[in-house]
Amino acid sequence: MCNSIQVNNIISLGLLVFSSLCFFSCASNMTAYYGKLRTKIDAGDYQGTTKFVDKSKGTYGSKNMLMYFFDSGIVNHFAKDYDASSKKFEDAKNLYSQYYQKSISAGVGSMFFNDSTIPYYGNDFERAHVSIFEALNYILQGRDNEAVVEARQIDTLFKNWAVEQNYKNFYRDDGFIRYFMGLVYENAGYLNDAHISYYRALQAYKNGILTLKIPSDLIDDAYTSALTLGMIQRANEIKNSYPQAKKRIIPDGFGECVIVSYNGFVPEKVENILEFALGKIWGYVSSVEVDNDQEVQDFQKAKSIGVSLFANDYIKVSFPKYKDIENKIVAFNVNVENKEIRSVLVQNIGVIAKKVLDDKIGTIYAKTLARAAVKYVIGKSVSRKVEESSGSTLGVLSQITFNLYNSLSEQADKRAWNTLPDTILMARFYLPKGKRNITINYLDKNEKIINSQDVEVDISEAKKNFYVVRASVME
């Protein structure tokens, strides 16, 4: 009977360590994967990148399918395979909707392992930006009415999020998304919807979670659409709030060129690790930020394992934190028709991501500390029972195993839509109809040109003609 108990105890301890190693291996694979993926995107081989993502679908695992759809959708967008991109984004929207209906409290396993044991549910700001890229997919195919469907969907989402959260949801509106969808509405001939979107964009830029300067083009759009619709009182309100507002007049034979630039990569999540250990005659406390360099992670892993193996008491907690992915490009200008048009910063997704995480961090702290307490209590209780039933040797082995399990299994949830741009820049200007060559110069913080791109644009009269570029020069 005693031997049977010892065998069962040894098997249970072995399974505990094995499960921990599996979780650590999965996290390491995703870290290495995103390093390769960013490099491929920066190289500009978007066709090869789409193949790489699809071949790597198994790397994501069943709990991270939302991330796969996000990544596949955006790299196909970069590759100008707009149908494939929209298909992946539709899959992402459907999965997000399914997850949104589920209670996240169902993730019981995350209280004993880590938050990566539950599916990645995504963030509202990530879902909102799906509609931006999908609307652009349709616009770039000349399917303006399908783009309007995306605009209406985002209107509904913002309305539902506000109502469901009793207007307390941290991310509940977005100035850029409202602004861009106003352009979508206007381009398709829905001027009343466009004005409503422009007006709400003014409010969202002013009162939202970002502190961006309101684009002057947006002010002019809101003012001009109000005048065109005969909304004199609204036009006067906008003029009083923004005296610089002016009415747009499109010259005969001209169309508008809208350059949208995806700039850099959204910050990546790293780990903040805190460890507490006590031996019979020593104590250890450590606080360290671990970035996603594989050698750094391996060193931290080895150090944590070493500490845990020799401790009588061991606790480890890990929290996510955003770290910027440095990019030299901060703006661009367009040289065309002997004029220079400067870009405007219209969206800062990186700042949104950080602020959303900051809003959630209190809940994350509470859950992480509670999980550490549960692991510690269970480990101590099991070790005592093993010692009572199987002797002190297995009791000590049990404690060491639980320490090792705590060291390996405790990981911050670093999952996110990692292929989003950090910022979005925009330039708008009028050109005569027909084909024109323009040069886009990308600038660093010192206004130095660090990259240039020649683009041929084909301008349709009295229309908004969208062109998408991507820019990133790593530090």
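Is Asp 144 buried or exposed? I looked it up: Asp 144 is buried, at a relative accessible area of 17%. I call a residue buried under 20% relative accessible area, exposed over 50%, and partly exposed in between, with a 1.4 Å probe and protein chains only.

**Ground rules**

I am working on a predicted model, where local features need pLDDT of at least 70, side-chain atom pairs count only at pLDDT 80 or more, and totals for chains, interfaces and linings use all residues. I number residues from 1 along each chain as its sequence is written, and side-chain values use heavy atoms, with hydrogens and water left out.

**Whole chain**

I find 14 helices and eleven strands in the protein chain. Helices (H or I, at least four residues) and strands (E, at least two) are DSSP runs, numbered from the N terminus. Of the 475 residues, 52% are buried. I then took contacts, meaning heavy atoms within 4.5 Å. Among those between residues at least 6 apart in sequence, 76% join residues at least 24 apart. The accessible surface comes to about 21,800 Å², and carbon and sulfur atoms hold 54% of it. Areas come from the Shrake-Rupley method with a 1.4 Å probe; for residues, only the protein chains shown count as cover.

**Salt bridges**

Side chains of opposite charge can pair when their charged atoms come close. My criterion is a side-chain nitrogen of Lys or Arg within 4 Å of a carboxyl oxygen of Asp or Glu. The whole structure gives 26 salt bridges.

I went back to Asp 144. Its partner in a salt bridge is Lys 463, with the closest N and O atoms 2.9 Å apart. This pair links distant parts of the chain, 319 residues apart: Asp 144 is in helix α7 (residues 144-164), and Lys 463 is in the loop between β10 (449-459) and β11 (464-471). Lys 463 is partly exposed, at 28%.

Glu 461 and Lys 433 meet in a salt bridge at 3.7 Å, N to O. Glu 461 is in the loop between β10 and β11, and Lys 433 is in the loop between β8 and β9 (434-443), 28 residues apart. Glu 461 is partly exposed at 40% relative accessibility, and Lys 433 is partly exposed at 48%. I also noted one network of salt bridges that share partners: Glu 186, Asp 217, Asp 221, Arg 248, Glu 256, Arg 428 and Lys 464.

**Helix α5**

Here I compared two lysines. Lys 93 forms a salt bridge with Glu 90, the closest N and O atoms being 2.7 Å apart. Both residues lie in α5, three residues apart, about one turn of the helix. Lys 93 is buried at 7% relative accessibility; Glu 90 is partly exposed at 28%.

Lys 88 also lies in α5 (residues 82-100). Leaving out residues up to four places away in sequence, Lys 88 touches Asp 54, Tyr 68, Phe 69, Ser 72 and Gly 73.

**Helix α10**

I checked the span of α10 (residues 216-228). Its 13 residues reach 18 Å from first C-alpha to last, close to the 18 Å expected at 1.5 Å a residue. The expected span is 1.5 Å times one less than the number of residues. Its buried residues include Leu 218, Ile 219, Asp 220 and Asp 221. They pack against α8 (175-187), α9 (191-207), α11 (232-241) and β8 (423-432). Gly 230 follows α10, with a positive phi near 75°.

**Positive phi elsewhere**

Most residues other than glycine have a negative phi, and most peptide bonds are trans. I logged two residues with positive phi. Glu 447 has phi near 70°. Glu 447 sits in the loop between β9 and β10 and is partly exposed at 46%. Ala 462 has a phi of about 60°. Ala 462 lies in the loop between β10 and β11 and is exposed at 57%.
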